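Subject: Handing over the model

Hello,

Here is the model for your files. My notes on it follow below.

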Amino acid sequence: LTGSGAYDIFVIDAAGGTPRALTSGPMQNSRPAWSADGRSIYFASDRSGTLQIWKMAAAGGAARQITRGGGSEAEESPDGKTLYYSRRSVPGLWSIPTAGGEETLILKDLQWENSRNWIVASDGIYYLAREGNRPSDWKYSLQQYRFQDRAAHLIASLPNASVLNGRCSLSPNRRTFLYVQQQRTETDLAILKGFR
């Protein structure tokens, strides 16, 4: 957050040093993510008047608008060919070729409340889904949208979980999934092991 009240994105060397601003101005810039090759970053910005996904070189420079229909949280596929993203206050997950093209809805059952609870791997997208209309009826599950058949598959049920939209992570061997679960009024990290 800068002195003007706007959110900006900074980069700092992993060994330490002085943070360097990549964005500036009165617009809101947030939720940065590296490209697969580490040369660029994606981020959400309202600089066009609506919240969209933008891309810029990691060294800085001009930003290029990627999405037109809205974008909030983004992640590039490991092969660098596809960008996946959610939209603010809208359920679903979309994709667009990194070289440009059509924005396509690929997951309809990702609720907006879980718009940060997904991760892209080489074999598909792992995400948390919720069933039920009222909080007392909510049941969560870990799903995998497989690139091979373009369909969602149940990995594990989480019947007693109170999941927060706190981002998640998948271990490199794809055997452990990390997510944030609320316990009473506290928050904790939970590990789901051995689902393969």
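Strand 9 contributes the most to the lining of the largest pocket, with 3 residues. Strands here are DSSP runs of E, at least two residues long, numbered from the N terminus. Strand 8 (82-87) and strand 9 each give the lining at least two residues. This is a predicted model: local features need pLDDT of at least 70, side-chain atom pairs count only at pLDDT 80 or more, and totals for chains, interfaces and linings use all residues. Residues are numbered from 1 along each chain as its sequence is written, and side-chain values use heavy atoms, with hydrogens and water left out.

The pocket first. The volume of the largest pocket is about 210 Å³. A pocket is an open set of points on a 1 Å grid over the protein atoms alone, where a 1.4 Å probe fits, with protein on both sides within 12 Å along at least five of seven lines; lining residues have an atom within 4 Å of a point. Points are joined across faces, edges and corners, and the volume is the space filled by probe spheres set on them. The lining consists of Thr82, Tyr84, Ser95, Ile96, Pro97, Ile106, Tyr145, Phe147 and Arg150. By class, 6 of these are nonpolar, 2 polar and 1 charged. Ala, Val, Leu, Ile, Met, Phe, Trp, Tyr, Cys and Pro count as nonpolar; Asp, Glu, Lys and Arg count as charged; the others, Gly among them, are polar.

Two strands pair if DSSP finds at least two bridges between them. Strand 9 (residues 90-97) and strand 10 run antiparallel, joined by 3 bridges. Ser95 sits opposite Thr104 in strand 10. Ser95 is also one of the pocket-lining residues.

Another open sheet of 4 strands has the order 3-4-5-6, again with antiparallel pairing. Strand 3 (29-34) and strand 6 (64-65) are its edge strands, each pairing on one side only. Strand 5 (residues 52-57) is joined to strand 6 by 2 bridges, and the two run antiparallel. Trp54 has Gln65 in strand 6 as its bridge partner.

Strand 13 (residues 139-146) and strand 14 (residues 151-158) run antiparallel, with 7 bridges between them. Tyr140 has its bridge partner, Leu158, in strand 14. The two strands form a hairpin with 4 residues between them, and Arg150 in the turn has a positive phi of about 55 degrees. Arg150 also lines the largest pocket.

Two loop residues to look at. Asp123 is in the loop between strand 11 (118-121) and strand 12 (124-131). Its side chain makes a polar contact of 3.2 Å with the side chain of Gln144. A polar contact is a pair of N or O atoms within 3.5 Å; within protein, one must be able to donate a hydrogen and the other to accept it, and residues adjacent in sequence count only if both atoms are side-chain atoms. The side chain of Asp123 also makes a polar contact with that of Arg174, at 3.1 Å.

Ser171 is in the loop between strand 15 (169-170) and strand 16 (176-183). The Ser171 side chain reaches the backbone nitrogen of Arg175 at 3.3 Å.

Regards
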